[in-house]
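Take a look at the structure below. We will go through its aromatic rings, and then turn to a pair of helices.

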Amino acid sequence: MNGAPIKLLVMDLDGTLLPHNSTISERTIAAIRAARERGVITTISSGRNIPSILAYARETGVDGPLIGMQGAIARELPGPGDTGSGTLIRHTPFSSTLGARAISWCTENDLWGHAVIQDDYAFDATDPHYTTYQGWLGGSSVERLHSIPDLVNHLTREGVEISKVVAHAPAGHPERVLARAREAFGGDLDVTISHPEYLEFTAPGVNKGAALRWLAERLDIPLSATMAIGDQHNDLEMIEAAGHAKKCAYAIDRYLAGRVAEQDHDYDASADQLEQALQQAPGDPDLIYASFRVRLYSGRFDGAALLAAKADWIEE
């Protein structure tokens with residue numbers, strides 16, 4: 001049996017470390033600090049782009065390269081006094097022609113789509129979500145937000161590299177059209193849900209699981225010594241890829257079958273699972289090594305359910 005302790009911890013941000021419409025708890029920050037004190041490299045993997053992650057990275061004290069846009073991009077943490085987003089170390093974009101096609105499909109299927117190009121956002125001039133992002137980005141919105149007449153035609157002409165396309169719709173609609181989107185784009189683009197209101201398109205093979213494998217290899221850490229925590233569709237590949245989550249599929253199936261009890265939205269699952277992992281001795285076969293929450297907004301469940309899988313350590 002492989003008794004290696006956890007060496008790399010990769011955590012989702014929204015809905016996991018950061019409860020929706022809330023703040024990161026002191027308990028979660030303390031748990032991350034305790035992991036670092038034990039020599040664990042900690043980082044965040046999010047659907048957001050890197051500038052939108054940085055403040056939370058500093059708040060939590062993570063020390064590993066940051067992963068953004070479902071794994072399409074990664075940057076080193078900026079050094080002291082560095083006002084930039086950090087050195088770019090990974091970017092897997094797709095063509096603006098495909099981006100235009102994705103946004104057109106979104107329009108036809110009652111979603112508002114915009115393009116993300118590394119740190120910047122490109123919205124159609126008619127998209128009402130542009131003003132929402134102005135509020136979110138504050139002072140940096142002038143440099144990073146672009147309102148473009150006829151965005152689809154613009155992307156078709158310009159030939160820029162797109163990091164991802166994000167589509168907004170009322171909660172539940174992305175879930176309803178997810179299978180349709182995946183069928184429409186086949187092997188051209190990967191499609192996932194990062195939030196009940198967001199459908200996202202990335203280059204083929206881009207997901208948080210692929211990014212975790214890339215980061216573990218870059219840091220020379222075996223997958224068997226990695227742990228991942230998340231709460232949405234876009235976290236499933238990451239949970240499955242983590243060496244401490246190889247057997248989590250049964251827990252997903254149990255949830256989807258409606259056999260897992262609900263937990264309150266305020267349940268501090270990230271801190272709870274980090275603390276439990278740190279309390280176990282390395283190599284303990286009863287170590288809780290895979291934990292995550294999945295939200296469904298189909299009406300069958302309303303809230304966050306904590307899923308924890310236990311299994312023997314896996315041979316490398």
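Which residues form one aromatic cluster? They are Tyr 121, Phe 123, Tyr 130, Tyr 133 and Trp 136. Keep in mind that this is a predicted model.

Now widen the search. Across the whole structure, seven aromatic pairs turn up. Consider Phe 185 and Phe 201. Their ring centres are 5.3 Å apart and their planes stand at 70 degrees; planes over 60 degrees apart count as edge-to-face, so this pair is edge-to-face. Buried or exposed? Phe 185 has a relative accessible area of 2%, and is therefore buried. Phe 201 is at 0% relative accessibility, so Phe 201 counts as buried too.

Next, the helices. Find α3 (residues 96–108) and α6 (residues 151–158). Their axes come within 7 Å and cross at roughly 165 degrees. Angles over 145 degrees count as roughly antiparallel, so α3 and α6 are roughly antiparallel to each other. The crossing of α3 and α6 is left-handed.

Which residues make the contact between α3 and α6? From α3 come Ser 96, Thr 97, Gly 99, Ala 100, Ile 103 and Ser 104. They meet Leu 151, Val 152, Leu 155, Thr 156 and Glu 158 of α6. Sorted by class, this contact has five nonpolar, five polar and one charged residues.

Technical notes
Residues are numbered from 1 along each chain as its sequence is written. This is a predicted model: local features need pLDDT of at least 70, side-chain atom pairs count only at pLDDT 80 or more; totals for chains, interfaces and linings use all residues. Side-chain values use heavy atoms; hydrogens and water are left out. Axes are lines fitted to C-alpha atoms, for helices over the stretch in contact, and angles run from 0 to 180 degrees between N-to-C directions. Helices (H or I, at least four residues) and strands (E, at least two) are DSSP runs, numbered from the N terminus. Angles under 35 degrees count as roughly parallel, over 145 as roughly antiparallel, 65 to 115 as roughly perpendicular and the rest as oblique. A crossing is left-handed if the near helix is turned anticlockwise from the far one by less than a right angle, and right-handed if clockwise. Contact means heavy atoms within 4.5 Å. Ala, Val, Leu, Ile, Met, Phe, Trp, Tyr, Cys and Pro count as nonpolar, Asp, Glu, Lys and Arg as charged, and the others, Gly among them, as polar. Rings of Phe, Tyr and Trp (its six-membered ring) pair if their centres lie within 6.5 Å; planes under 30 degrees apart count as stacked, over 60 as edge-to-face and the rest as tilted. Buried means under 20% relative accessible area, exposed over 50%, partly exposed in between (1.4 Å probe, protein chains only).
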